[in-house]
Amino acid sequence: MTPLQQLIYNYIKEHQPICDLCISKGFGYDYNQYANSICRQLERLKLISRIKDKCPKCNRNVLLNRAI
């Protein structure tokens with residue numbers, strides 16, 4: 001796991017469930033693409049799951065990230 005992946009993974013564990021946009025905003029970015037690519041990598045590594053549901057932080061129906 002890269003240092004950036006570890007940083008995002010730890011953030012997900014502390015704030016789960018959380019969407020990509022809320023992760024990005026937590027790191028000061030306005031677009032979800034920052035977190036989206038890292039979260040897809042973490043899902044391929046089977047470290048997180050991504051399920052569509054309502055984000056408790058922004059109330060949007062999107063993919064939510066949860067640590068496995």
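In which element is Arg40 found? Start there, then take me through the contacts around that element.

Author: Arg40 is found in helix H3. One caution before the details: this is a predicted model.

Take Arg40 itself. Which residues does Arg40 contact, leaving aside neighbours within four places in sequence? They are Gln33 and Arg50. Arg40 and Leu4 are 36 residues apart along the chain. Their C-alpha atoms are separated by 13 Å.

Now move along the helix. Asn36 also has its place in H3. Asn36 is buried, because its relative accessible area is 14%, and the limit for buried is under 20%. Beyond residues up to four places away in sequence, Asn36 touches Asp20 and Arg50. Arg50 is on the contact list of Arg40, and Arg50 is touched by Asn36.

Next, the helix-helix contact. The axes of H1 and H3 come within 10 Å. They cross at roughly 90°. That makes H1 roughly perpendicular to H3. From H1, the contact uses Leu4, Gln5, Ile8, Tyr9 and Ile12. From H3, it uses Tyr34, Ile38, Cys39, Gln41 and Leu42.

The largest nonpolar core holds 17 residues. Those with the most contacts inside it are Ile8, Ile12, Cys19, Ile23, Cys39 and Leu42. In soluble globular proteins, nonpolar side chains tend to be buried together.

Ile23 shows how the pieces meet. Not counting residues up to four places away in sequence, Ile23 touches Ile8, Tyr11, Ile12, Ile18, Ala35, Cys39 and Asn65. Ile8, Ile12 and Cys39 from that list also take part in the contact of H1 with H3.

Now the sheet. Three strands form an open sheet in the order S1-S3-S2, with antiparallel pairing. S1 and S2 stand at the edges. Each has a single partner strand, so one side of each is left without a neighbour in the sheet. H1 packs on this sheet and touches S1, S2 and S3. The direction of H1 makes about 100° with that of S3. H3 lies across S2 and S3. Relative to S2, H3 runs at about 125°.

S2 (residues 48–54) and S3 pair in the antiparallel sense over seven bridges. Ser49 has Arg66 in S3 as its bridge partner. Lys52 has Leu63 in S3 as its bridge partner. S2 and S3 form a hairpin, with six residues between them.

Val62 gives a view from S3, where it has its place. Val62 counts as buried because its relative accessibility is 17%. Leaving aside neighbours within four places in sequence, Val62 is in contact with Cys19, Ile51, Lys52, Asp53 and Cys55. Val62 and Ile51 are 11 residues apart in sequence. In space they are 8.0 Å apart, C-alpha to C-alpha.

Last, the loops and their backbone angles. Most residues other than glycine have a negative phi, and most peptide bonds are trans. Lys46 lies in the loop between H3 and S2. Phi of Lys46 is positive, near 60°, and the residue is not glycine. Lys46 is exposed, because its relative accessible area is 64%. Asn59 is found in the loop between S2 and S3. Asn59 has a positive phi of about 65°, although it is not a glycine. Asn59 is exposed as well, because its relative accessible area is 51% and exposed begins over 50%. Pro17 is in the loop between H1 and S1. The peptide bond from Gln16 to Pro17 is cis, with omega near -10°.

Definitions and conventions
Residues are numbered from 1 along each chain as its sequence is written. This is a predicted model: local features need pLDDT of at least 70, side-chain atom pairs count only at pLDDT 80 or more; totals for chains, interfaces and linings use all residues. Side-chain values use heavy atoms; hydrogens and water are left out. A nonpolar core is a set of buried Ala, Val, Leu, Ile, Met, Phe, Trp, Tyr and Cys residues joined through side-chain atoms within 4.5 Å. Buried means under 20% relative accessible area, exposed over 50%, partly exposed in between (1.4 Å probe, protein chains only). Contact means heavy atoms within 4.5 Å. Axes are lines fitted to C-alpha atoms, for helices over the stretch in contact, and angles run from 0 to 180 degrees between N-to-C directions. Helices (H or I, at least four residues) and strands (E, at least two) are DSSP runs, numbered from the N terminus. Angles under 35 degrees count as roughly parallel, over 145 as roughly antiparallel, 65 to 115 as roughly perpendicular and the rest as oblique. Two strands pair if DSSP finds at least two bridges between them.
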